[in-house]
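Student: Before we look, could you help me learn how to read the features of a model like this one, taking them one at a time?
Tutor: Gladly; ask about a feature, and I will give the idea and then the case.

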Amino acid sequence: MTCMKFGFVVPWADAEDIGDIAAEAEAAGWDGLFVWEPVWGVDAWVSLGLAAVRTTKIRLGTLLTPPSRRRPAELASQVATVDRLSRGRVVLSIGLGAVDSGFEAFGEECDRRRRAELMDECMDIVTGLWAGQPFEYSGRHYRVTATDFPTIGHTVQQPRVPVWCVGAIGSERSMARALRWDGLLPQVVDGDGPREATLDEIAAVREQVGDRDYDIIVEGEGSQHSPAAWADAGATWWIESMWGALREASAVTASIDRLREGPPTL
(Lines give C-alpha, C1' and ligand atoms only; values in the text may rest on other atoms or scores of the structure.)
Protein backbone atom coordinates (compact mmCIF):
# COMPACT_ATOMS: atom_id res chain seq x y z
CA MET A 1 0.00 0.00 0.00
CA THR A 2 1.30 3.44 -0.92
CA CYS A 3 1.13 6.31 1.54
CA MET A 4 -2.13 8.11 0.79
CA LYS A 5 -3.02 11.74 1.46
CA PHE A 6 -6.52 13.12 1.62
CA GLY A 7 -7.85 16.23 -0.03
CA PHE A 8 -11.22 17.88 -0.51
CA VAL A 9 -12.49 19.67 -3.60
CA VAL A 10 -14.91 22.49 -2.79
CA PRO A 11 -18.14 22.09 -4.78
CA TRP A 12 -19.27 25.71 -4.50
CA ALA A 13 -18.15 28.73 -2.48
CA ASP A 14 -17.15 32.37 -2.72
CA ALA A 15 -13.59 33.46 -1.99
CA GLU A 16 -14.30 34.45 1.62
CA ASP A 17 -15.93 31.08 2.21
CA ILE A 18 -12.83 29.33 0.82
CA GLY A 19 -10.78 30.90 3.60
CA ASP A 20 -13.15 29.50 6.24
CA ILE A 21 -13.35 26.11 4.54
CA ALA A 22 -9.55 25.85 4.29
CA ALA A 23 -9.16 26.62 7.99
CA GLU A 24 -11.74 23.96 8.84
CA ALA A 25 -10.02 21.43 6.58
CA GLU A 26 -6.66 21.97 8.22
CA ALA A 27 -8.11 21.79 11.73
CA ALA A 28 -9.80 18.48 10.89
CA GLY A 29 -6.61 16.87 9.60
CA TRP A 30 -7.05 16.98 5.83
CA ASP A 31 -3.91 17.17 3.69
CA GLY A 32 -5.18 19.39 0.88
CA LEU A 33 -7.93 21.70 -0.30
CA PHE A 34 -8.76 22.22 -3.96
CA VAL A 35 -11.03 24.53 -5.94
CA TRP A 36 -12.27 24.40 -9.52
CA GLU A 37 -11.42 27.20 -11.92
CA PRO A 38 -14.41 28.57 -13.88
CA VAL A 39 -14.36 30.50 -17.11
CA TRP A 40 -16.49 33.12 -15.38
CA GLY A 41 -17.17 33.18 -11.66
CA VAL A 42 -15.16 33.15 -8.43
CA ASP A 43 -11.45 33.57 -9.12
CA ALA A 44 -9.64 30.39 -8.07
CA TRP A 45 -6.28 32.01 -7.31
CA VAL A 46 -7.70 34.90 -5.29
CA SER A 47 -9.59 32.26 -3.28
CA LEU A 48 -6.45 30.17 -2.80
CA GLY A 49 -4.50 33.26 -1.76
CA LEU A 50 -6.99 33.78 1.05
CA ALA A 51 -6.80 30.10 1.95
CA ALA A 52 -3.00 30.41 2.07
CA VAL A 53 -3.05 33.09 4.77
CA ARG A 54 -5.67 31.19 6.79
CA THR A 55 -3.64 27.96 6.93
CA THR A 56 -0.10 26.76 7.59
CA LYS A 57 0.12 23.10 6.56
CA ILE A 58 -2.36 21.86 3.97
CA ARG A 59 -1.71 21.74 0.24
CA LEU A 60 -3.71 24.16 -1.89
CA GLY A 61 -4.52 23.88 -5.57
CA THR A 62 -6.94 23.73 -8.45
CA LEU A 63 -8.93 20.83 -9.83
CA LEU A 64 -8.38 21.92 -12.44
CA THR A 65 -6.84 24.73 -14.50
CA PRO A 66 -7.24 24.60 -18.32
CA PRO A 67 -4.06 26.35 -19.57
CA SER A 68 -5.45 26.65 -23.11
CA ARG A 69 -7.58 29.60 -22.03
CA ARG A 70 -5.00 31.25 -19.77
CA ARG A 71 -2.34 33.83 -20.60
CA PRO A 72 0.90 32.05 -19.67
CA ALA A 73 2.58 34.95 -17.86
CA GLU A 74 -0.59 35.65 -15.88
CA LEU A 75 -0.98 32.02 -14.81
CA ALA A 76 2.71 31.82 -13.85
CA SER A 77 2.34 34.98 -11.76
CA GLN A 78 -0.79 33.83 -9.93
CA VAL A 79 0.58 30.40 -9.04
CA ALA A 80 3.95 31.79 -7.92
CA THR A 81 2.26 34.46 -5.79
CA VAL A 82 0.11 31.91 -3.96
CA ASP A 83 3.13 29.62 -3.58
CA ARG A 84 4.97 32.43 -1.82
CA LEU A 85 1.96 33.34 0.31
CA SER A 86 1.60 29.70 1.39
CA ARG A 87 5.35 29.21 1.95
CA GLY A 88 5.45 26.50 -0.71
CA ARG A 89 2.17 24.58 -0.48
CA VAL A 90 0.68 24.99 -3.96
CA VAL A 91 -0.19 22.28 -6.49
CA LEU A 92 -1.19 23.19 -10.05
CA SER A 93 -3.54 20.72 -11.74
CA ILE A 94 -3.89 21.01 -15.51
CA GLY A 95 -6.02 19.53 -18.25
CA LEU A 96 -7.98 20.43 -21.35
CA GLY A 97 -11.05 21.31 -19.30
CA ALA A 98 -14.72 20.85 -20.07
CA VAL A 99 -15.83 22.91 -23.06
CA ASP A 100 -19.43 22.87 -21.81
CA SER A 101 -18.37 25.06 -18.86
CA GLY A 102 -18.50 28.18 -21.01
CA PHE A 103 -15.65 27.89 -23.50
CA GLU A 104 -17.78 28.65 -26.55
CA ALA A 105 -19.85 31.33 -24.82
CA PHE A 106 -16.71 33.32 -24.00
CA GLY A 107 -14.86 32.71 -27.25
CA GLU A 108 -12.36 30.18 -25.91
CA GLU A 109 -10.72 27.58 -28.13
CA CYS A 110 -12.89 24.46 -28.32
CA ASP A 111 -10.91 22.27 -30.72
CA ARG A 112 -9.31 19.48 -28.71
CA ARG A 113 -6.04 19.34 -30.65
CA ARG A 114 -5.49 23.10 -30.51
CA ARG A 115 -6.29 23.14 -26.80
CA ALA A 116 -3.64 20.47 -26.26
CA GLU A 117 -1.10 22.55 -28.23
CA LEU A 118 -1.98 25.67 -26.26
CA MET A 119 -1.71 23.79 -22.97
CA ASP A 120 1.74 22.41 -23.79
CA GLU A 121 3.10 25.79 -24.90
CA CYS A 122 1.51 27.60 -21.97
CA MET A 123 3.15 25.22 -19.51
CA ASP A 124 6.52 25.55 -21.29
CA ILE A 125 6.30 29.28 -20.63
CA VAL A 126 4.95 28.98 -17.08
CA THR A 127 7.77 26.71 -15.96
CA GLY A 128 10.31 28.74 -17.91
CA LEU A 129 9.26 31.95 -16.17
CA TRP A 130 9.38 30.26 -12.77
CA ALA A 131 13.00 29.30 -13.49
CA GLY A 132 13.88 33.00 -13.83
CA GLN A 133 15.16 35.47 -16.38
CA PRO A 134 16.48 35.63 -18.98
CA PHE A 135 13.75 33.52 -20.59
CA GLU A 136 12.83 33.33 -24.25
CA TYR A 137 10.31 31.18 -26.07
CA SER A 138 9.16 30.76 -29.64
CA GLY A 139 6.27 28.41 -30.31
CA ARG A 140 3.39 28.01 -32.69
CA HIS A 141 1.01 30.01 -30.50
CA TYR A 142 3.18 32.06 -28.15
CA ARG A 143 6.37 34.09 -28.31
CA VAL A 144 8.28 35.47 -25.33
CA THR A 145 11.41 37.60 -25.37
CA ALA A 146 13.72 38.10 -22.42
CA THR A 147 13.07 41.13 -20.23
CA ASP A 148 14.94 42.87 -17.46
CA PHE A 149 11.82 44.57 -16.11
CA PRO A 150 11.94 44.20 -12.30
CA THR A 151 9.48 41.61 -11.00
CA ILE A 152 8.92 39.08 -8.23
CA GLY A 153 8.44 35.78 -9.97
CA HIS A 154 10.15 33.04 -8.00
CA THR A 155 8.41 30.09 -6.39
CA VAL A 156 9.22 28.78 -2.94
CA GLN A 157 9.11 25.20 -4.16
CA GLN A 158 12.09 24.20 -6.23
CA PRO A 159 12.73 23.39 -8.97
CA ARG A 160 9.07 24.39 -9.41
CA VAL A 161 5.53 24.01 -8.15
CA PRO A 162 4.31 20.40 -8.54
CA VAL A 163 2.07 19.90 -11.57
CA TRP A 164 -0.64 17.26 -11.79
CA CYS A 165 -1.89 16.54 -15.30
CA VAL A 166 -4.92 14.78 -16.70
CA GLY A 167 -3.92 11.68 -18.61
CA ALA A 168 -6.22 9.49 -20.67
CA ILE A 169 -5.29 5.90 -19.85
CA GLY A 170 -5.03 4.04 -23.14
CA SER A 171 -3.93 7.12 -25.09
CA GLU A 172 -0.16 7.00 -25.60
CA ARG A 173 0.15 10.71 -26.34
CA SER A 174 -2.02 11.83 -23.43
CA MET A 175 -0.25 9.57 -20.95
CA ALA A 176 3.20 10.62 -22.20
CA ARG A 177 2.23 14.22 -21.46
CA ALA A 178 0.96 13.41 -17.97
CA LEU A 179 4.00 11.31 -17.10
CA ARG A 180 6.30 14.25 -17.86
CA TRP A 181 4.83 16.05 -14.86
CA ASP A 182 4.51 15.21 -11.17
CA GLY A 183 1.14 13.53 -10.91
CA LEU A 184 -1.65 11.88 -12.88
CA LEU A 185 -5.32 12.77 -12.82
CA PRO A 186 -6.50 9.58 -14.54
CA GLN A 187 -9.25 9.56 -17.13
CA VAL A 188 -10.49 6.73 -19.29
CA VAL A 189 -12.41 7.33 -22.50
CA ASP A 190 -13.87 4.33 -24.27
CA GLY A 191 -16.78 3.68 -26.58
CA ASP A 192 -19.30 4.62 -23.90
CA GLY A 193 -17.62 7.92 -23.03
CA PRO A 194 -15.52 8.96 -20.00
CA ARG A 195 -15.41 6.65 -17.02
CA GLU A 196 -13.50 6.19 -13.80
CA ALA A 197 -10.24 4.25 -13.99
CA THR A 198 -10.33 0.78 -12.50
CA LEU A 199 -8.08 -0.47 -9.73
CA ASP A 200 -6.20 -2.61 -12.24
CA GLU A 201 -5.63 0.39 -14.54
CA ILE A 202 -4.26 2.43 -11.63
CA ALA A 203 -2.01 -0.45 -10.62
CA ALA A 204 -0.68 -0.67 -14.18
CA VAL A 205 0.21 3.03 -14.13
CA ARG A 206 2.01 2.62 -10.81
CA GLU A 207 3.97 -0.28 -12.24
CA GLN A 208 4.89 1.84 -15.27
CA VAL A 209 6.05 4.71 -13.05
CA GLY A 210 8.11 2.41 -10.85
CA ASP A 211 9.98 3.88 -7.90
CA ARG A 212 9.71 7.43 -9.18
CA ASP A 213 8.18 9.95 -6.78
CA TYR A 214 4.95 10.43 -8.70
CA ASP A 215 1.42 11.12 -7.49
CA ILE A 216 -1.66 9.30 -8.74
CA ILE A 217 -4.85 11.09 -7.77
CA VAL A 218 -8.31 9.55 -7.53
CA GLU A 219 -11.55 11.30 -6.73
CA GLY A 220 -14.82 10.16 -5.21
CA GLU A 221 -16.88 9.96 -2.03
CA GLY A 222 -15.42 7.89 0.77
CA SER A 223 -18.90 6.67 1.69
CA GLN A 224 -19.22 5.02 -1.74
CA HIS A 225 -15.66 3.87 -2.40
CA SER A 226 -12.78 2.34 -0.49
CA PRO A 227 -9.79 4.69 -0.43
CA ALA A 228 -7.75 1.82 1.00
CA ALA A 229 -8.28 -0.22 -2.17
CA TRP A 230 -7.02 2.68 -4.28
CA ALA A 231 -3.99 3.04 -2.01
CA ASP A 232 -3.28 -0.67 -2.47
CA ALA A 233 -3.39 -0.11 -6.24
CA GLY A 234 -0.83 2.68 -6.01
CA ALA A 235 -2.83 5.90 -5.72
CA THR A 236 -1.25 8.55 -3.48
CA TRP A 237 -4.09 11.08 -3.13
CA TRP A 238 -7.76 10.60 -2.44
CA ILE A 239 -9.78 13.72 -3.27
CA GLU A 240 -13.13 13.72 -1.54
CA SER A 241 -15.77 15.16 -3.87
CA MET A 242 -19.36 15.83 -2.92
CA TRP A 243 -20.86 17.48 -5.97
CA GLY A 244 -24.28 16.57 -4.62
CA ALA A 245 -23.83 19.46 -2.17
CA LEU A 246 -24.87 21.77 -5.01
CA ARG A 247 -28.40 20.53 -4.34
CA GLU A 248 -28.19 21.36 -0.64
CA ALA A 249 -29.58 24.54 0.90
CA SER A 250 -25.98 25.65 1.49
CA ALA A 251 -23.10 23.93 -0.27
CA VAL A 252 -20.68 25.76 2.04
CA THR A 253 -22.35 24.42 5.18
CA ALA A 254 -22.47 20.92 3.70
CA SER A 255 -18.76 21.12 2.88
CA ILE A 256 -17.81 22.28 6.36
CA ASP A 257 -19.94 19.59 7.97
CA ARG A 258 -18.16 16.92 5.88
CA LEU A 259 -14.73 18.36 6.56
CA ARG A 260 -15.30 18.36 10.32
CA GLU A 261 -15.91 14.60 10.14
CA GLY A 262 -12.27 14.27 9.10
CA PRO A 263 -10.69 12.46 6.16
CA PRO A 264 -11.43 8.79 5.39
CA THR A 265 -9.41 6.18 7.24
CA LEU A 266 -7.46 3.38 5.60
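Student: Which residues does Leu-33 touch, not counting residues up to four places away in sequence?
Tutor: This is a predicted model, and in it the contacts of Leu-33 beyond its sequence neighbours are with Phe-8, Val-10, Ile-18, Ile-21, Ala-22, Ala-25, Leu-48, Ile-58, Arg-59, Leu-60 and Gly-61.

Student: How many residues are in the largest nonpolar core, and which have the most contacts inside it?
Tutor: The largest nonpolar core has 69 residues, and Leu-33, together with Trp-45, has the most contacts inside it. Helix H4, which spans residues 112-130, gives the most to this core, contributing nine residues. Another core lies apart from it and has eleven residues, among them Trp-164, Val-166, Leu-185 and Trp-237.

Student: How should I read salt bridges, and how many does a search of the whole structure find?
Tutor: The general idea is that side chains of opposite charge can pair when their charged atoms come close. A search of the whole structure finds 13 salt bridges. In one of them the side chains of Asp-20 and Arg-54 meet, with an N to O distance of 3.0 Å. This pair links distant parts of the chain, since Asp-20 belongs to helix H1 (residues 15-27) and Arg-54 to helix H2, 34 residues apart.

Student: Which residues are linked in a network of salt bridges?
Tutor: The network links Glu-37, Arg-69, Arg-70 and Glu-74. Within it, Glu-37 forms a salt bridge with Arg-69, where the closest N and O atoms are 3.9 Å apart. Glu-37 lies in the loop between E2 and H2, while Arg-69 lies in the loop between E3 and H3, so the pair ties together parts that are 32 residues apart in sequence. Arg-70, for its part, forms a salt bridge with Glu-74, the closest N and O atoms being 3.6 Å apart.

Student: Which members of these pairs are buried, and which partly exposed?
Tutor: Both Glu-37 and Arg-69 are buried, and for Arg-69 the relative accessible area is 13%. Arg-70 is buried too, because its relative accessible area is 8%, whereas Glu-74 is partly exposed, with a relative accessible area of 41%.

Student: What else is Arg-69 in contact with, leaving aside its neighbours within four places in sequence?
Tutor: Besides Glu-37, Arg-69 is in contact with Pro-38, Val-39, Phe-103 and Glu-108.

Student: What is the phi of Arg-87, and is Arg-87 buried or exposed?
Tutor: Although Arg-87 is not a glycine, it has a positive phi of about 60 degrees. Arg-87 lies in the loop between H3 and strand E4 (90-94), and at 65% relative accessibility Arg-87 counts as exposed.

Student: To finish, where does Thr-253 lie, and which side chain does it join in a polar contact?
Tutor: Thr-253 lies in helix H8, residues 251-260, and a polar contact of 3.1 Å joins its side chain to that of Ser-250. Thr-253 counts as partly exposed, at 42% relative accessibility.

Notes:
Residues numbered from 1 in each chain as written. Predicted model: local features only at pLDDT ≥ 70, side-chain atom pairs only at ≥ 80, totals over all residues. Heavy atoms only, no water. Helix = DSSP H or I, 4+ residues; strand = E, 2+ residues; numbered from the N terminus. Buried < 20%, exposed > 50% of the residue type's maximum accessible area, 1.4 Å probe, protein only. Polar contact = N/O pair within 3.5 Å; in protein donor to acceptor, adjacent residues only side chain to side chain. Core = buried A, V, L, I, M, F, W, Y, C linked by side-chain atoms within 4.5 Å. Contact = heavy atoms within 4.5 Å. Salt bridge = Lys/Arg side-chain N within 4 Å of Asp/Glu carboxyl O.
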